[in-house]
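This briefing covers one protein model, with its points grouped by topic. The sequence and structure come first.

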Amino acid sequence: MLRFKNLAYCDATLLGYKKNGHKKLPYDIYFSIQGKEQHLPWYGIHKRTNIEECWDKRLVAVNKIGSIQLASNGQGFYFECYLDQSLRRKPELDIVAPDMLLNQPNKYSVNTPSIGWCNQNNPEGFLVPLGIIPHHGRFTADNAKQVSIKVPQELEEICAEYDISSETLFNDLIDNICNFSNSVFSPRADFRSCQDNFLHQLAIAYVRAVYRAKEAV
């Protein structure tokens, strides 16, 4: 499942890694944005090997364009290379306040702000929901509609046993029934993703068992 993307360090050119003398995160990741060199602590805690450095130089990293992302544990940063090297931010198209680029929207929001991007195929630019990096210039739009239902106390009690909200329960059930896929090649604007294929099979089996039975009555 793709995480919400931090857009504070987009269109960054990776320059490499250097030791910083710290014990916890011993390397800094160096990059430049609009010609200005910057560095942040690299998320890796191990010593970088010759193999890793050769991989960086020969394949997809050094001198490539991408974004600098915060590690999932909040400790350090890493470089994510744009799969389409012509991809660039186009902030003049943004429909969002600049300070929101650092904030994660609600996972299931139907009102996620949009920001501008462009690439070789779309030089005039296009809008993409905040939090998505459209590596191939495409994404799955948020086509959900808002509904409201009454939640009985009994369901709230069951949710409390598992330390989840009824909203989380319903949304997870939707994700697993629909078997959503949220990938780099086709990111979803609603960030939905099926948790596991086995859970999808269980969820769809429930739907078939209950609603096919009703049709037969």
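Thr 13 belongs to strand 1, in a model that is predicted. With a relative accessibility of 18%, Thr 13 counts as buried, because the cut-off for that class is under 20%. Leaving aside residues up to four places away in sequence, Thr 13 touches Tyr 30, Phe 31, Ser 32, Asn 63, Lys 64 and Ile 65.

- In strand 2, the residue opposite Thr 13 is Ser 32.
- In strand 4, the residue opposite Thr 13 is Ile 65.
- Ser 32 and Ile 65 are also among the residues that Thr 13 touches.
- Strand 1 (residues 12–19) is joined to strand 4 (residues 65–70) by two bridges, and the two strands run antiparallel.
- Strand 1 is joined to strand 2 by six bridges, again with the strands antiparallel.

- In general, the strands of a sheet pair through backbone hydrogen bonds, in either a parallel or an antiparallel manner.

- Is strand 2 enclosed or open to the outside? Seven of the seven residues of strand 2 (residues 27–33) are buried, so this strand is largely enclosed by the rest of the structure.
- Strand 2 is covered on both faces: Tyr 27, Ile 29, Phe 31 and Ile 33 are buried on one side, and Asp 28, Tyr 30 and Ser 32 are buried on the other.
- Six bridges link strand 2 with strand 3, and the two run antiparallel.
- Tyr 30 stands opposite His 39, which is in strand 3.
- Tyr 30 is also one of the residues touched by Thr 13.
- The hairpin of strand 2 and strand 3 has two residues between the strands, and in it Gln 34 takes a positive phi near 55 degrees.

**Salt bridges**

- How many salt bridges does the structure hold? There are three salt bridges.
- Arg 192 and Asp 175 meet through their side chains in a salt bridge, at 2.6 Å from N to O.
- Arg 192 lies in the loop between helix 3 (166–178) and helix 4 (197–216), while Asp 175 is in helix 3, so the pair ties together parts that are 17 residues apart in sequence.
- Both Arg 192 and Asp 175 are buried.
- Arg 89 and Asp 94 form a salt bridge between their side chains, at 2.8 Å from N to O.
- Arg 89 is buried, with a relative accessible area of 14%, whereas Asp 94 counts as partly exposed at 21% relative accessibility.
- Lys 90 and Glu 92 form a salt bridge in which the closest N and O atoms are 3.2 Å apart.
- Lys 90 counts as buried at 18% relative accessibility, whereas Glu 92 is exposed, with a relative accessible area of 56%.

Conventions. Residues numbered from 1 in each chain as written. Predicted model: local features only at pLDDT ≥ 70, side-chain atom pairs only at ≥ 80, totals over all residues. Heavy atoms only, no water. Pairing = 2+ DSSP bridges. Helix = DSSP H or I, 4+ residues; strand = E, 2+ residues; numbered from the N terminus. Salt bridge = Lys/Arg side-chain N within 4 Å of Asp/Glu carboxyl O. Buried < 20%, exposed > 50% of the residue type's maximum accessible area, 1.4 Å probe, protein only. Contact = heavy atoms within 4.5 Å.
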